[in-house]
Amino acid sequence: MKTNPAYLLDKEKIKNANLKFAIVVSLWNREITSRLYKGAYETLIQSGVLKEKIQTWEVPGSYELIYSSKKIAHCYNFDSIIAIGSLIQGDTPHFEYLCQAISHGIKDINILYDVPVIFCVLSDRNQQQSFDRSGGKNGNKGIECAKTAIYMSLFRKSIK
């Protein structure tokens, strides 16, 4: 069965669900992460989420998304957490280590806590690719992640 989750993004349904979202944004590569954040935040608002139901934190880099998302999952009762970051490949293996650690860290939080943590971390070959994926010719992954957060929040509430 093939379904499109877009039908679940009904404004009235979202508003009635009284969803609460946390967004954690890396300050590293801010020119990229701010575009992802804008896409995510505006999508939540346009979908019917009230501004006061969205809380945002900033952290120094993408690696810090792991601890901050874990702490938020542990200390608060959000329906979803969106972790926003940007990694751009350099000349050293540092990029690969970070990509792997961050993806595993976010995965682990999804396993340990009863809150979806949405992975909105770009891992691109160069800055142009990051721009293209954060509001450029390839769309904005922040928008996609906000829609995923809404979908997963509604899913979570449907099985409690």
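Predicted model: local features only at pLDDT ≥ 70, side-chain atom pairs only at ≥ 80, totals over all residues.
Residues are numbered from 1 along each chain as its sequence is written.

Reader: In what order do the elements of the chain run from the N terminus on?
Author: Helices (H or I, at least four residues) and strands (E, at least two) are DSSP runs, numbered from the N terminus. The chain has six helices and six strands. From the N terminus on, the order is α-β-α-β-α-β-α-β-α-β-β-α.

Reader: What is the radius of gyration of the chain?
Author: The radius is taken over C-alpha atoms, and the globule rule is 2.2 Å times the number of residues to the power 0.38. For 160 residues that rule gives 15 Å, and the chain comes close to it, so it is as compact as a globular protein of that length. The radius of gyration is 15 Å.

Reader: Is F21 buried or exposed?
Author: Buried means under 20% relative accessible area, exposed over 50%, and partly exposed in between (1.4 Å probe, protein chains only). F21 lies in strand β1, residues 21–26. Its relative accessible area is 0%, so F21 is buried.

Reader: How far apart are the C-alpha atoms of F21 and D79?
Author: D79 sits in the loop between α3 (64–75) and β3 (80–88). F21 and D79 are 58 residues apart along the chain. Their C-alpha atoms are separated by 5.9 Å.

Reader: With which side chain does the side chain of D79 make a polar contact?
Author: D79 has 6% relative accessibility, so it counts as buried. A polar contact is a pair of N or O atoms within 3.5 Å; within protein, one must be able to donate a hydrogen and the other to accept it, and residues adjacent in sequence count only if both atoms are side-chain atoms. At 3.5 Å, the partner of the D79 side chain is the side chain of R156.

Reader: Where does N18 lie, and what is its phi?
Author: N18 is in the loop between α1 (11–17) and β1. At 42% relative accessibility, N18 counts as partly exposed. N18 is not a glycine, yet its phi is positive, at about 55°.

Reader: Is N29 buried or exposed?
Author: N29 lies in the loop between β1 and α2 (30–46). N29 is not a glycine, but has a positive phi of about 60°. At 16% relative accessibility, N29 counts as buried.

Reader: Which residues lie nearest the centre of the largest pocket?
Author: On a 1 Å grid over the protein atoms alone, a pocket is an open set of points with protein on both sides within 12 Å along at least five of seven lines, a cavity is a set where a 1.4 Å probe fits but cannot get out, and lining residues have an atom within 4 Å of a point. The largest pocket holds about 230 Å³ of space; volume is the space filled by probe spheres set on grid points joined across faces, edges and corners. β3 and α4 (94–112) each supply at least two residues of its lining. Of its 16 lining residues, those nearest the centre are W28, L87, I88, H94 and L98.

Reader: Which residues line the largest cavity?
Author: The count comes to one cavity of 30 Å³ or more. The largest cavity has about 40 Å³ of space. Its lining is I14, K15, N18, L19, G48, V49, L50 and K53.

Notes. Heavy atoms only, no water.
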